Amino acid sequence: MTKVLVSDPIDKAGIDILSHVAQVDQRTGLSEQELIGIIGDYDGLMIRSGTQVTAAVIAAASRLKIIGRAGVGVDNVDVPAATQRGVLVVNSPEGNTIAAAEHALAMMLSLSRHVPQAHAGMRAGRWDRKKFVGNELYKKTLGVVGLGKIGSHVARVAKAMGMDVIAYDPFIAADRAQKMQVRLTQLDELFRKADYVTLHIPRTKDTENLVNAELLRTMKPGARIVNCARGGVVDEAAIAEAVENGVIAGAGLDVFASEPLAEDSPLRTVERGLVLTPHLGASTEEAQENVAIDVAEQIRDVLLGLPARSAVNIPGLSAEIMERLKPHLQLAETLGLLVSQLSGGQVQELELRLQGEFASHPSQPLVIAALKGLLGAVLGDSINYVNASLEAEARGIQVIEVKDESSRDFAGGSLQLKTKGDQGTRSVIGAVFAGGELRITSIDEYPVNVSPSRHMLFTRHRDMPGIIGHLGSLLGEHNVNIASMQVGRRIVRGDAVMVLSIDDPVPTTVLETIKAVNGIQEAHPVTL
Ligand code: NAD
Ligand code: MLT
């Protein structure tokens, strides 16, 4: 029975989707030890930001295929540990964009018009009209740090409200910013010029405490800063001090270095100018439904053997690519399996030659698929699209890609895998024929034309009378049924290869007898 654990509160729409393909257990508020105790029973895990999926949790997750993060940030998942174990991590990159952007705008408006403080005064029976004179956003300068999905939406709305928008994002092309009528600046200039700064960056080693006391001191005294991105990108003590001492006019914070925010955090005691919310950026009914559906669909698909659309740890292998290149990926994996079994021993180098039309496809997915086959032949199901590259790297396998668009051997092009290892070099070539049919077209430079089948036998032998008959009789005597047979040779009575598709695997004793036949140089059983 397929089982999915939901360990944070998730919208019912997501649970309903998962329930069609799995038993869904909802258990929130688990400690790390409690999660470690039960995770071994589950094929899928669905979380929000509450659950910490540590390396220890992943090590205990013997059946786990997928972790679905209903949201954007995967900083509560040990993604490298998941990758190493071949566990796919997916998220919902767009489901809560609008919600988070609107929360940042709500912060800006609340700060400039003192909405929370005025409301608290009303609740306390006061009528403070003079105390809460605010500022308009109109014609003020907004500095957006991180012009990604959320930052761009904030910028668009701010433009519509009459703000002048500048941005700092070293990874965004200038013409993209220009189209939004946003001018890109350096970080120091942005902090000096902006009346409002809003942060929309991930927390990385480069952004950790990006906003510190020194940077805050460069801001205008009337400036306000908003962080609805990630805790830890601002120095909280420095913000509390800067607002308290009037270095800046205010700050709106939704996210904190450690959540929930400590009861004794200096942020909680600042009298004026601070608006704090408990990580509510994505907390709209719409966003929670969006992310739950988005991630539940991906978990469902992966458990059904289909690709996920937003995989965090398979770069370059989107669902769209997997669908479009399906037969090409199958060919790369099949050739990887084949060349691995022909090579035997340790492979040190894998060369992929993408020829003709093959060269026009993105090569990274084909490399991943070829490595999955190459390593999967030895390591079995523990190798998948998620960890194939990592495992190859760990084994010191060097990957070389060569593209040759001019080759016209087959209409749809061809793919050659060449290995170098402690037992010499091997080469296999394959092509995708009309209707997505896979063909092996060459082995060790000998031309063949064979459809891959589950069990096969490959030999290298002297091209001389009697060999083929001898082999056929040997297999027949041991009840191994031959479905098809092909010989590839370059010169008459020279060396040749033979490829047999058989219905059953060749027993080890029979293989040894075959290897001893006069004229047979090598024999390799292959399972695809
Ligand atoms: P995104 O990936 O679309 O955008 C992030 C942008 O930051 C990118 O354009 C990137 O180039 C830029 N960037 C990265 N490093 C940078 C650096 N050192 N300096 C400047 N720019 C840098 O992501 P998004 O969906 O817009 O999300 C932005 C942030 O908001 C993320 O951290 C996400 O986790 C967070 N988020 C918070 C909430 C919430 O509830 N408060 C909700 C959703 C998203
Ligand atoms: C996110 O990364 O999506 C946000 O932090 C929202 C959340 O999960 O609450």
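Predicted model: local features only at pLDDT ≥ 70, side-chain atom pairs only at ≥ 80, totals over all residues.
Axes here are lines fitted to C-alpha atoms, for helices over the stretch in contact, with angles running from 0 to 180 degrees between N-to-C directions. Helices (H or I, at least four residues) and strands (E, at least two) are DSSP runs, numbered from the N terminus. The crossing of α1 past α12 is right-handed, a term used if the near helix is turned clockwise from the far one by less than a right angle, with anticlockwise counting as left-handed.

On the α1 side, the contact (heavy atoms within 4.5 Å) uses Ala13, Gly14, Ile17 and Leu18, and on the α12 side Glu289, Ala292, Ile293, Ala296, Glu297, Ile299 and Arg300. Sorted by class, that makes seven nonpolar, one polar and three charged residues. For the classes, Ala, Val, Leu, Ile, Met, Phe, Trp, Tyr, Cys and Pro count as nonpolar, Asp, Glu, Lys and Arg as charged, and the others, Gly among them, as polar.

Helices α5 (residues 97-113) and α7 (residues 149-160) make another pair, with axes that come within 9 Å and cross at roughly 50°. That angle makes α5 oblique to α7, and the crossing is again a right-handed one. Thr97, Ile98, Ala100, Ala101, Ala104 and Leu105 of α5 meet Lys149, Ile150, His153, Val154 and Val157 of α7. Eight of the residues in this α5–α7 contact are nonpolar, two are polar and one is charged.

Now for the empty space. Rolling a probe the size of a water molecule over the atoms shows where such space is left. On a 1 Å grid over the protein atoms alone, a cavity is a set of points where a 1.4 Å probe fits but cannot get out, a pocket is an open set with protein on both sides within 12 Å along at least five of seven lines, and lining residues have an atom within 4 Å of a point. Grid points are joined across faces, edges and corners, and a volume is the space filled by probe spheres set on the points.

The largest pocket comes to about 1,100 Å³. It has 40 lining residues, and Gly305, Lys372, Ile383, Asn384 and Tyr385 are the closest to its centre. Helices α13 (319-324), α14 (326-343) and α15 (363-379) each supply at least two lining residues, with the largest share, six residues, coming from α14. The lining of this pocket splits into 18 nonpolar, 12 polar and 10 charged residues.

There are also two cavities of 30 Å³ or more. The largest has a volume of about 50 Å³, and its lining includes Leu342, Arg426 and His524. Strand β19 (455-462) and strand β22 (520-527) each give at least two residues to that lining, which by class has four nonpolar, two polar and four charged residues. The second largest cavity holds about 40 Å³, and strand β15 (residues 414-421) gives the most to its lining, with three residues.

Residues are numbered from 1 along each chain as its sequence is written, while chains are lettered from A and ligands numbered from 1 in the order in which they are written. Local features need pLDDT of at least 70, side-chain atom pairs count only at pLDDT 80 or more, and totals for chains, interfaces and linings use all residues, while side-chain values use heavy atoms, with hydrogens and water left out.

Technical notes. Parallel < 35°, antiparallel > 145°, perpendicular 65-115°, else oblique.
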